[in-house]
Amino acid sequence: MKRLDLIRYLEQFGCQLLREGGSHSIFINRKTKKASTVPRHREINDFLAKKICRDLEIPVL
């Protein structure tokens, strides 16, 4: 899955960019107070995208 598509999906469910790390972006779900990292690769493995959604407690893709 494309990184930008995943970021748009996260933002639809209220997740926000907390900060930029060295090679990752850290997103937070303010409703559940959960955070997860999103790597800065153009393509993100589907298994990783599902794990990020589970970490942020939003519906899995």
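In the predicted model, strand 1 and strand 2 form a hairpin in which three residues separate the two strands. Strand 1 covers residues 15–20 and runs antiparallel to strand 2, to which it is joined by five bridges. Within this pairing, I28 of strand 2 is the bridge partner of Q16, and I26 of strand 2 is the bridge partner of R19.

A second hairpin is formed by strand 2 and strand 3, with four residues between them. The turn of this hairpin contains K33, which has a positive phi of about 60°. Strand 3 comprises residues 34–39, and its antiparallel pairing with strand 2 extends over six bridges. Here F27 has S36 of strand 3 as its bridge partner.

Together, the three strands make up an open sheet in the order 1-2-3, with antiparallel pairing. Strand 1 and strand 3 are the edge strands, each pairing on one side only. From one strand to the next, the twist averages 30°. Strand 2 spans residues 24–29, and five of its six residues are buried, so this strand is largely enclosed by the rest of the structure.

A polar atom of the N29 side chain lies 3.2 Å from the backbone nitrogen of K31. When neighbours within four places in sequence are left aside, the contacts of N29 are C15, K34, L56, E57 and I58.

Helix 1 lies across strand 1, strand 2 and strand 3. Relative to strand 3, helix 1 runs at about 165°.

The largest nonpolar core has 13 residues, of which L6, L10, F27, V38, I52, L56 and I58 touch the most other members. Helix 1 (3–12) and helix 2 (46–55) each supply at least two residues of this core. The largest share comes from helix 1, which gives four residues. L6, one of the core residues named above, touches M1, V38, I44, A49, I52 and L61 when residues up to four places away in sequence are not counted.

At the level of the whole protein chain, the secondary structure comes to two helices and three strands. Read from the N terminus, the elements follow the order α-β-β-β-α. The radius of gyration is 10 Å, close to the 10 Å given by the globule rule for 61 residues, so the protein chain is as compact as a globular protein of that length. The C-alpha trace spans about 30 × 25 × 15 Å along its principal axes. Of the 61 residues in the protein chain, 33% are buried. Contacts between residues at least 6 apart in sequence were also examined by separation, and 39% of them join residues at least 24 apart.

Key: Residues are numbered from 1 along each chain as its sequence is written. This is a predicted model: local features need pLDDT of at least 70, side-chain atom pairs count only at pLDDT 80 or more; totals for chains, interfaces and linings use all residues. Side-chain values use heavy atoms; hydrogens and water are left out. Buried means under 20% relative accessible area, exposed over 50%, partly exposed in between (1.4 Å probe, protein chains only). Two strands pair if DSSP finds at least two bridges between them. A nonpolar core is a set of buried Ala, Val, Leu, Ile, Met, Phe, Trp, Tyr and Cys residues joined through side-chain atoms within 4.5 Å. Contact means heavy atoms within 4.5 Å. Axes are lines fitted to C-alpha atoms, for helices over the stretch in contact, and angles run from 0 to 180 degrees between N-to-C directions. A polar contact is a pair of N or O atoms within 3.5 Å; within protein, one must be able to donate a hydrogen and the other to accept it, and residues adjacent in sequence count only if both atoms are side-chain atoms. The radius of gyration is taken over C-alpha atoms; the globule rule is 2.2 Å times the number of residues to the power 0.38.
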